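Welcome! Below are a few exercises to work through with the structure at hand. Take each task in turn, try it yourself, and then follow the solution step by step.

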Amino acid sequence: MVVSRKLICECGGVYKEKKVDFEGFEVPAMVCFGCDNETFTIAQSKKVFQLMNTHKLFERRRKIIKVGSSIAITLPKVLQQHGWKPGTPVQWTRVSNKKWNLELVD
Ligand SMILES: [Zn+2]
């Protein structure tokens with residue numbers, strides 16, 4: 001039997017799941033539709049901590065290396081558990097002069 005519980009805010013509003021910006025990451029959180037207060041469920045906070053731990057690996061500096069006539073960047077092996085496996089297509093877009101966004105292609 002599925003029991004659905006409503007999460008009620010101090011203002012009397014009802015929390016609903018919504019994507020929010022947390023430290024530059026888009027993550028699911030519970031947001032009060034009355035006062036916009038944000039909170040995380042235990043499951044949501046576990047996901048956020050996992051994301052933050054993975055991000056610490058991303059923060060490590062890497063050097064561009066030369067491979068034949070191309071250039072490359074090696075990625076930490078732990079990223080494989082997040083879908084960054086050899087052969088997986090990726091695409092990048094330019095965000096600003098020094099910043100590029102690299103993402104997995106579904
Ligand atoms: Zn509220």
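## Exercise 1: the open sheet

Three strands make up an open sheet, arranged in the order S1-S2-S3 with antiparallel pairing. Its edge strands, each pairing on one side only, are S1 (15–22) and S3 (38–39). Before going on, note that this is a predicted model, in which local features need pLDDT of at least 70 and side-chain atom pairs count only at pLDDT 80 or more, while totals for chains, interfaces and linings use all residues. Residue numbers start from 1 along each chain as its sequence is written.

**Task.** Find how many bridges join S1 and S2, and which residue is the bridge partner of Glu 17 in S2.

**Solution.** 
- Step 1. Settle the terms: strands (E, at least two residues) and helices (H or I, at least four) are DSSP runs numbered from the N terminus. Two strands pair if DSSP finds at least two bridges between them.
- Step 2. Locate S2 at residues 25–32; S1 and S2 pair in the antiparallel sense over eight bridges.
- Step 3. Follow Glu 17 across to S2, where its bridge partner is Met 30.
- Step 4. Look at another pair: Phe 22 stands opposite Phe 25 in S2.
- Step 5. Inspect the hairpin of S1 and S2, with two residues between the strands: here Glu 23 takes a positive phi near 55°.

## Exercise 2: a loop residue

**Task.** Work out where Asp 36 is found, and decide whether Asp 36 counts as buried or exposed.

**Solution.** 
- Step 1. Asp 36 is found in the loop between S2 and S3.
- Step 2. Its phi is near 70°, a positive value in a residue other than glycine.
- Step 3. Apply the burial rule, with C-beta atoms placed from the backbone: a residue is buried if 20 or more other C-beta atoms lie within 10 Å of its own, exposed if 12 or fewer, and partly exposed in between.
- Step 4. Asp 36 has 12 C-beta neighbours inside 10 Å, so Asp 36 counts as exposed.
- Step 5. Try the rule on S1 as well: the count of buried residues among its eight residues is zero, and S1 is hardly covered.

## Exercise 3: the whole chain

**Task.** State how many helices and strands the chain has, and what share of its residues is buried.

**Solution.** 
- Step 1. The chain has one helix and seven strands, following the pattern β-β-β-α-β-β-β-β along the sequence.
- Step 2. Buried residues make up 2% of the 106 residues.
- Step 3. Along the principal axes, the C-alpha atoms fill a box of roughly 65 × 35 × 25 Å.
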